Amino acid sequence: MKLRTASPEDADDVADIWHLGWQDGHIGFVPHELIEARTEESFWTRASERVGDTTVATVDGAVAGFIMVVDDEVEQVYVAAPHRGTGVAADLMDGAERQVRANGHSQAWLAVVAGNARARAFYERTGWHDEGPFDYAAAAEDGSIAVPCHRYTKSL
């Protein structure tokens, strides 16, 4: 497994992983308005627009997962289903923490949907702390949508 900066050629793989992973972790746990906004096409558009914020994990040359880091926020963390439980997520999170430190911060944060038990357990196992519920402003075409989440932080 290798981590590297994403290239425009990775956008389709990132979008596919993001779309399928987002459904796994969000359907049933987020407002219907957000589900309607997260069309399949929206993931391809956003993946192309966000290449500069994206780091991919590759296994045997294929994209197995990705992170998007902005300033001190680990904004997106997704691993393709066949690679879950293989260490890809842990390596991606280590990379995200390094990026936040390189951005000049001593603490990283992320938002996770309250009902996404698998993700919450993973973050807690890797040293992240649940600071409690808050409404995350998820970007949407016409502004933002308030999504009930938990804020997790980690001192770096």
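Which residue in S7 does Val113 stand opposite?

1. First, the ground rules. This is a predicted model, where local features need pLDDT of at least 70, side-chain atom pairs count only at pLDDT 80 or more, and totals for chains, interfaces and linings use all residues. Residues are numbered from 1 along each chain as its sequence is written, and side-chain values use heavy atoms, with hydrogens and water left out.

2. Now the overall layout. You'll find five helices and seven strands in the chain; helices (H or I, at least four residues) and strands (E, at least two) are DSSP runs, numbered from the N terminus. Going along the sequence, the pattern reads β-α-α-α-β-β-β-α-β-α-β-β.

3. Back to Val113. The residue opposite Val113 is Cys149 in S7. Strand S5 (residues 107–113) pairs with strand S7 (residues 143–155) in the antiparallel sense, over seven bridges; two strands pair if DSSP finds at least two bridges between them.

4. S7 has another partner to look at: strand S6 (residues 129–140) pairs with S7 in the antiparallel sense over 10 bridges. In that pairing, Asp130 stands opposite Tyr152. A hairpin of two residues joins S6 to S7.

5. Next, a helix pair. Helix H1 (residues 11–26) packs against helix H3 (residues 40–49) at an angle of about 135°, and their axes are 8 Å apart. Axes here are lines fitted to C-alpha atoms, for helices over the stretch in contact, and angles run from 0 to 180 degrees between N-to-C directions. H1 and H3 are therefore oblique to each other: angles under 35 degrees count as roughly parallel, over 145 as roughly antiparallel, 65 to 115 as roughly perpendicular and the rest as oblique.

6. Who touches whom? On the H1 side, the residues include Trp18, His19 and Trp22, and on the H3 side they include Phe43, Trp44 and Arg46 (contact means heavy atoms within 4.5 Å). By class, the H1–H3 contact has eight nonpolar, two polar and four charged residues. Ala, Val, Leu, Ile, Met, Phe, Trp, Tyr, Cys and Pro count as nonpolar, Asp, Glu, Lys and Arg as charged, and the others, Gly among them, as polar.
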